Amino acid sequence: MAKVLVVEDNPANMTLATFLLESGGHTVLSATDAEAALVLARAEQPNLILMDIQLPGIDGLQARALLKADEATRAIPVVALTALAMKGDKERIQSAGFDGYIAKPMRYQEFLAAITAQLGRA
């Protein structure tokens, strides 16, 4: 299965995402801020990154731009995992170049379907 980096500062959301991914047979790497995620992504080369948008310090939008600007991490798909689910948020996030969008609270079947779809494209 795949190696997935989850970037999430909320412990409950991190626990749920990790549980769902591991239940699906994936290996999970985790970071609670963008700075740690950038280092992990470069070193570990995950198959997919799930990125919260509202992170302390560098937010998910800036982190995604940094990942795509780096030759070492440019090809890794980045999916927004966010509570920003108001009208227009999904479009704004997708126009920022994210490869996908998963709204929180996560619905496990939709979450796993989105992960499978993204990994199938990679």
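## Terms and model

Two strands pair if DSSP finds at least two bridges between them. Helices (H or I, at least four residues) and strands (E, at least two) are DSSP runs, numbered from the N terminus.

This is a predicted model: local features need pLDDT of at least 70, side-chain atom pairs count only at pLDDT 80 or more, and totals for chains, interfaces and linings use all residues. Residues are numbered from 1 along each chain as its sequence is written, and side-chain values use heavy atoms, with hydrogens and water left out.

## Strand E3

E3 spans residues 48–51. Leu48 and Leu50 lie on one side, Ile49 and Met51 on the other. In a regular strand the side chains alternate between the two faces of the sheet. Both faces of E3 are covered, with these four residues buried (under 20% relative accessible area; exposed is over 50%, partly exposed in between; 1.4 Å probe, protein chains only).

E3 pairs in parallel with E4 (residues 78–82) through 3 bridges. Here Ile49 stands opposite Val78. Ile49 also stands opposite Leu5. E3, helix H3 (residues 60–69) and E4 form a right-handed β-α-β unit. Right-handed means that, with the strands pointing away from the viewer, the path from the first strand over the helix to the second runs clockwise.

## Strand E1

E1 (residues 3–7) pairs with E3 in the parallel sense over 4 bridges. Of its 5 residues, 4 are buried. E1 also runs parallel to E2 (residues 27–31), joined by 5 bridges.

Val4 stands opposite Val28 in E2 and opposite Leu48 in E3. E1, helix H1 (residues 11–23) and E2 make a right-handed β-α-β unit.
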